[in-house]
Amino acid sequence: MKLSEYRNIIKQRFEILKASCQFAFRKEVAYAGNNWAGVISTTAYTLSMLLFVNIIFGNTKQIAGYSHNDMLLYFFVAQLTYYTNWYLSMINIHELTIDVNRGNLDMILTKPVPALFYLTTRNIGGFRFFVDAFPPTLAIVFSINWSALSTNYTSLIYGVFIFIFGSISLHVFEFLAALPVFWLGESENIIDLAGFIGAGSGSMIPLEGFSRPLQFVLGTIIPVLISTAFTTSAILGKTNPRFLFLCAFIIALIAVSVRRIAWKIAIKNYTSASS
């Protein structure tokens, strides 16, 4: 591929992202009631979980080697995973099934845009992400004694990349759950199940609290621990950050390849709802 062609591809995707963010912003600010409801809901959940963690550690000093402060960091990472997954991934995945059933996918496939990229980035709820996430996440931030955390800049950088790779893998896992709609005509329940499992990635069980077989399954086949448990363990140095980084990178790479292959197979089997 020539450099000019590569630049055009990047430019096209940037324009799609820009248009997606602008569209999502206009839609989100048009319904202020939903924004307030979301803030109240997420804040109430966060405060109840902070209370739960405080009660648990009122009777014990450590869980699987994690102190009260370590678990608060874990909860912080788990919440970031939830917000990132929902507002950057799940909304678009749900809309994909609607497009298949209503025949809207026909029009999208005829547009001069990369269909897979467009379908998975067309509705990025940046405003709702900020509004819903900021108040409750701020409560967690102020609850953590950051100076007492056993970490360093290198581990933190590894943790950031592991979080990104984990979010990619989790997105692919949920995206694959949507593809049965091309054969069955419906996959909302499957998506809901995948989303429920994905939300369980913030189950507040540290990586070191899982058995080796479960660590493997929940870190590869069902990659729900990477963006949460792997990230937190790497930041705190509980497990070798380089090893977790390498695992997360390889799994994300495989996941992206699987998504591309699965998408091509699904499109070949697509029967227009409008035909």
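Tutor: Helices (H or I, at least four residues) and strands (E, at least two) are DSSP runs, numbered from the N terminus. Ile 9, for example, has its place in helix H1. The model is predicted, so to speak of local features a pLDDT of at least 70 is needed, side-chain atom pairs count only at pLDDT 80 or more, and totals for chains, interfaces and linings use all residues. Residues are numbered from 1 along each chain as its sequence is written, and side-chain values use heavy atoms, with hydrogens and water left out.

The chain comes to 12 helices and 0 strands. Along the sequence its pattern reads α-α-α-α-α-α-α-α-α-α-α-α. Of its 275 residues, 45% count as buried (under 20% relative accessible area; exposed is over 50%, partly exposed in between; 1.4 Å probe, protein chains only). Ile 9 counts as partly exposed, because its relative accessibility is 29%. Between Ile 9 and Pro 114 there are 105 residues of separation in sequence, yet their C-alpha atoms are 9.2 Å apart in space.

Now to the charged pairs. Side chains of opposite charge can pair when their charged atoms come close. A search of the whole structure finds 3 salt bridges (a side-chain nitrogen of Lys or Arg within 4 Å of a carboxyl oxygen of Asp or Glu).

Start with Asp 70 and Lys 238, whose side chains meet in a salt bridge at 3.6 Å, N to O. Asp 70 belongs to helix H3 and Lys 238 to the loop between helix H11 (226-236) and H12, so this pair ties together parts that lie 168 residues apart in sequence. The two partners can also be placed by their cover. Asp 70 counts as buried because its relative accessibility is 9%, while Lys 238 counts as partly exposed because its value is 35%.

The next pair is Glu 95 with Arg 122, and their side chains meet in a salt bridge at 3.6 Å, N to O. Glu 95 lies in helix H3 and Arg 122 in the loop between H5 and helix H6 (126-143), so parts that are 27 residues apart in sequence are tied together here. With a relative accessible area of 23%, Glu 95 is partly exposed; with one of 10%, Arg 122 is buried.

Asp 99 and Arg 122 are both buried. Through shared partners, salt bridges join Glu 95, Asp 99 and Arg 122 into one network.

A nonpolar surface patch of about 680 Å² is made by Tyr 153, Leu 156, Ile 157, Val 160, Phe 161, Ile 164 and Ile 168. Such a patch takes residues with over 30% relative accessible area and no salt bridge, joining nonpolar side chains (Val, Leu, Ile, Met, Phe, Trp, Tyr) within 5 Å and like charges within 9 Å. Tyr 153, one of the patch residues, has its place in helix H7. Tyr 153 counts as exposed because its relative accessibility is 72%.

Key: Areas by Shrake-Rupley, 256 points an atom, 1.4 Å probe, with all protein chains shown as cover.
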